[in-house]
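I opened this one to look up its aromatic rings and what surrounds them. My notes follow in the order I checked things.

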Amino acid sequence: MQITHMLGDAFGRAVAFLPNILAALVILAVGLFVATILARVTRRLLIAAGLDRRPGARKLLGQGTSLERLPPIAGRIVYWVLALVTVGLAVDALHLSWLSAGVASVLAYLPNVLAAGAIVAGGYVAGNFLYRTVTRSEAASVLWGRLLRGAIFALAAFMALQELRIATAIVTIAFTVALAAMAVAGALAFGLGNRELAGRITRDWYERKAPRYRRYAPAGRPEDEQERLVDDPKH
């Protein structure tokens with residue numbers, strides 16, 4: 001009798017849980033269907049916008065594969081964001097507190113992922129735009145353009161890691177060390193590679209400013225004045 005009672009109780013709970021399962025399946029099916037539709041709409045809108053034919057978009061994003069991959073990537077982002085939200089709603093429909101808490105913690109991290117992705121995308125666009133601007137202005141400035149683009153990419157990567165909250169202390173220290181290393185490397189490169197130029201600039205500056213500071217110089221010794229008179233052919 002006890003076993004029969006336990007089996008009946010389990011069967012009753014399973015039957016009582018069936019509406020929750022059906023509700024979760026319906027929410028999941030409808031949500032994924034809507035996500036698929038919106039992903040396709042997003043992709044087709046971007047394709048219809050003709051970004052590859054717009055000079056402004058080419059200037060920002062570049063030409064070729066970058067613009068061709070933008071509509072599929074945007075469609076996938078829309079699909080997965082809506083899919084994750086749908087999964088969270090379906091899990092809530094099951095009325096399982098422990099599972100809802102776990103999924104809620106994952107969904108709470110979603111804004112950080114989106115923000116990090118936006119930072120990386122913005123850094124990519126800004127780096128390529130400045131690279132093309134610098135290299136277009138001067139024919140011999142390709143190296144400076146690459147350095148500028150690399151610096152922007154590195155800054156965007158550090159900001160994205162900071163937004164993702166991945167070892168924030170280590171990321172901050174690494175960024176500070178990298179910035180200091182670049183500053184020291186630039187100073188050494190300029191100082192060692194342009195010693196003559198730096199000396200010429202300093203000498204020219206001193207020659208321009210010397211008359212202003214001569215009145216603060218100490219008076220010369222008599223023998224120095226005598227030597228100057230002897231060396232001067234007018235005397």
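**Ring notes**

I began with W80, which counts as exposed at 55% relative accessibility. The cut-off for exposed is over 50%, so W80 falls in that class. I kept in mind that this is a predicted model.

Next I asked which residue pairs with W80. The partner is Y79, and the pair is edge-to-face. I noted 5.4 Å centre to centre and 80° between the planes. Edge-to-face needs planes over 60 degrees apart, so 80° qualifies. Y79 itself is partly exposed, with a relative accessible area of 23%.

How many aromatic pairs does the structure hold? I found two.

The other entry is Y124 with F153. Their ring centres are 6.1 Å apart and their planes stand at 10°. Stacked means planes under 30 degrees apart, so this pair is stacked.

Y124 is in helix α5, residues 110-137. F153 is in helix α6, residues 142-164.

Y124 is partly exposed at a relative accessible area of 35%. F153 is also partly exposed, at 32% relative accessibility.

**A charge over a ring**

I checked Y131 next. The charged end of R149 sits over the Y131 ring, 4.1 Å from its centre.

**A loop residue**

I moved on to L96. This residue lies in the loop between α3 (65-93) and α4 (97-108). L96 counts as partly exposed, at 25% relative accessibility.

**The whole chain**

What secondary structure does the protein have? I counted nine helices and zero strands. Read along the sequence, the pattern is α-α-α-α-α-α-α-α-α.

I then took the totals. The protein has 235 residues, and buried residues make up 16% of them. The accessible surface comes to about 17,500 Å². Carbon and sulfur atoms hold 69% of that surface.

Notes: Residues are numbered from 1 along each chain as its sequence is written. This is a predicted model: local features need pLDDT of at least 70, side-chain atom pairs count only at pLDDT 80 or more; totals for chains, interfaces and linings use all residues. Side-chain values use heavy atoms; hydrogens and water are left out. Rings of Phe, Tyr and Trp (its six-membered ring) pair if their centres lie within 6.5 Å; planes under 30 degrees apart count as stacked, over 60 as edge-to-face and the rest as tilted. Buried means under 20% relative accessible area, exposed over 50%, partly exposed in between (1.4 Å probe, protein chains only). Helices (H or I, at least four residues) and strands (E, at least two) are DSSP runs, numbered from the N terminus. A charge sits over a ring if NZ of Lys or CZ of Arg is within 6 Å of the ring centre and within 35 degrees of the ring normal. Accessible areas come from the Shrake-Rupley method with a 1.4 Å probe; for residues, only the protein chains shown count as cover.
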